[in-house]
Amino acid sequence: MEVPVLKQGPFLIATVQAALTDEDLVHLRRAMVERVVIARSLGVIIDVTAMDIMDSFASRTLREVAQMIRLRGAETVIVGIQPEVAFAMVQLGITLEGVVTALDLEEGLNYLKQKFNSSA
Amino acid sequence: MAKETERLERPTAWHETLDRGASLEGTAVLLRELVAHLRENRTQLREEWARRITEAKLLTAMSKDEIFAEATAVYDQYVEALETGTFEALQAYARSLSERIIPRGVETHEVVGIVLLLRDVLARSLFAKYQADFTKLDRILDAYEPAANRIANTVAVGFVQERERVIRQQQEAIRELSTPVLQVRERLLILPIIGVIDPQRARQLTEQLLRGIRTNRAKVVVIDITGVAAMDATVANHLVQTVEASRLLGATVIVTGLSPEIAQTLVTIGVDLGKMNTVGDLQGGIEQAERLLGYKVVPIGAAS
Amino acid sequence: MNHTIRVPINTDKDIVAARQKGRALALSLGFSEIDSTLVATAISELARNIVTYAKRGEIRIQADGNSKGPCILVIAKDKGAGISNIKLALQDGFSTSGSLGLGLPGVKRLVDEFEIVSHIGKGTVVKFKKWKT
C-alpha cells in the first residue's frame, strides 16, 4: 500500500491510509527523504492516524525518517498517534525521542507554520 | 481429569449422587411424596415462613407484602428444584432477587437467615407429618437434607456473587472519580492525583488522560501529585510512561507538587528526570502552562 | 470459541495479517481498545522476530480463559537457529527503540503471562496470555 504524499505550500504531507507492512514503511522512508529536497520543502508531516499499531520497527523507521530529513535540511512532525497506540508504545519502551509529535494534521501544520514564520 | 470437570459442571440432579439412606428409586419416590406434601401445604407453609422472617427481624428494609411476594416465589422455586433436581431456575431467581434487594441494603446474613428459616419450617412440618413413623421420617429427612442444603447454598452463593459484582462496579466508579481530568482553559488539562497509586490505578489514570487529551485537544497537561504520599519505582516508571505517552499525542506535561520524600525516592532509584518537566507547586505549574499556551495573566489595573 | 487461528509467517505481510487477526479476536472477546492494541502490538513484535531471525514460522491465536474471564493465548513458533542466551534476550534496557534487539522484554511488559522455550538449532516457542480486564 503506497502512502499518498501531498504538497501544501512549503510542506509535504504524507497520510498513512491503513496498516503498513515493513516494506511499505521502508518505501515511505525513501520517498519522503527523496522528495523533501526535490520539493524544496521546509517541513514534513506524517499523519499516522490510520496506523493500527506502532511496533519497534515502525517507530524505528519513523525516527530514521525524521533524522534523515533533518540531515536534508527540513523538519518532521508525526501527527495522529492514537491514545491506545501511544499507550502500547510506551509499554513496549518506545518513546520516539527527538521526534516532534502533534495531535493531528491541523496541529502539525500550526507547529510548522509558527516555526517557520518566526524564523523567517 | 476432563471427565471430572464435566461431572462437576453439569447441573446434576443431586439424587443421582446420593448414596446414603434409601436406594435411588426409593429416594425418588420419597421426593415425590415430599414435593406433594409441600404443594398441598403451600399456603400455610409460606405464611409460616413469612411470619418467621418478620419475627426474626430479617429483611427489615422490605414491607410485609414484599416479603410475602418474594417468599412465595422462592418457595415455588424451592419446591421445583426439589422436584426436578435442577437448580438453574432457582439460581437465576436468586440472582435477580439479589439484584433487587442489594441496593436496598439487605445484608448477607439476612439472606442466609431466611433460607435457613425455610429449611427449618419445612423440616418441622415433615416432622409433624411423619412423627408417628420414625423410620419413614428418617428416610424422608435423608432425602430432604442434601437437597435443602444444596438449595440454601445456591441462594446464598448467588447473593454473595451478586454482591461482589456490585462491589467491583462501585470500586470501578470510585476509581474513575478519583482521577478527574479537568479542563481549566482551552487546551489546558489538570490532573490532580490524590492518595495511593497502584499499577492498576496508574494505568487507568494514563488511559483517562490520553483520552482527555484527544477529546479536549489539549496541548499542555499539569499533573499535580501534591496529594500523593509515597511513590515506589514501579509507580515512578508509570508516571514517566504517562508523560511520554502524552507527548506522543503532542501534549506537554508539567508535573507539580513533588514532595521532598518523593523527590528523594526518584533520585535514589534513578528515574530519568530529564524527560520530566517539573514545577514546585500547582500554581507555578499553571502559570508555566499558560505561558506555553501564549496566555499572559495580568492584574486588571495593570492592563489598563 | 475454542478453535485456533493459525497464521503462517513467511513475509512482512504476514506480520500485519497476524496482528489484525489477534486484534479482531481480542475485540470479539470484549477486550478494550487499549488491551486489543497491546495484544496486536505483542503479536507484531513476535511475528517480526520470526521473519527477521528464523525466516519462517507460525503464529497461533486462540481464545482461552477460566471462571475469572476470557483471555487470549498466543503461541509464536519457529524452527530457526534458536536463542543461545534467553536471559540476555529478556534483559531490559528501559528503551528498545534504539537497539536492534529482539524486543522481548517489551513484549513481556505488554502481556500478563509470558513464556519462552528455545533450543539451539531447533527453534523457539514464545507463548503469552493476555487477560480481559
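At 39% relative accessibility, B:Arg100 counts as partly exposed, a class lying between buried (under 20% relative accessible area) and exposed (over 50%), judged with a 1.4 Å probe on protein chains only. B:Arg100 forms a salt bridge with B:Glu70, the closest N and O atoms being 2.4 Å apart; a salt bridge here is a side-chain nitrogen of Lys or Arg within 4 Å of a carboxyl oxygen of Asp or Glu. The pair links distant parts of the chain, with B:Glu70 in helix H4 (residues 64-84) of chain B and B:Arg100 in helix H5 (residues 88-101) of chain B, 30 residues apart. Helices (H or I, at least four residues) and strands (E, at least two) are DSSP runs numbered from the N terminus.

The model is predicted, with local features needing pLDDT of at least 70, side-chain atom pairs counting only at pLDDT 80 or more, and totals for chains, interfaces and linings using all residues. Residues are numbered from 1 along each chain as its sequence is written, chains are lettered from A and ligands numbered from 1 in the order in which they are written, and side-chain values use heavy atoms, without hydrogens and water.

Over all chains, the structure holds 29 salt bridges. One of them pairs C:Arg48 with A:Asp22, whose closest N and O atoms are 2.3 Å apart. C:Arg48 lies in helix H2 (residues 33-54) of chain C and A:Asp22 in helix H1 of chain A, so this pair joins two chains. C:Arg48 is buried, at 6% relative accessible area, and A:Asp22 is buried too, at 14%.
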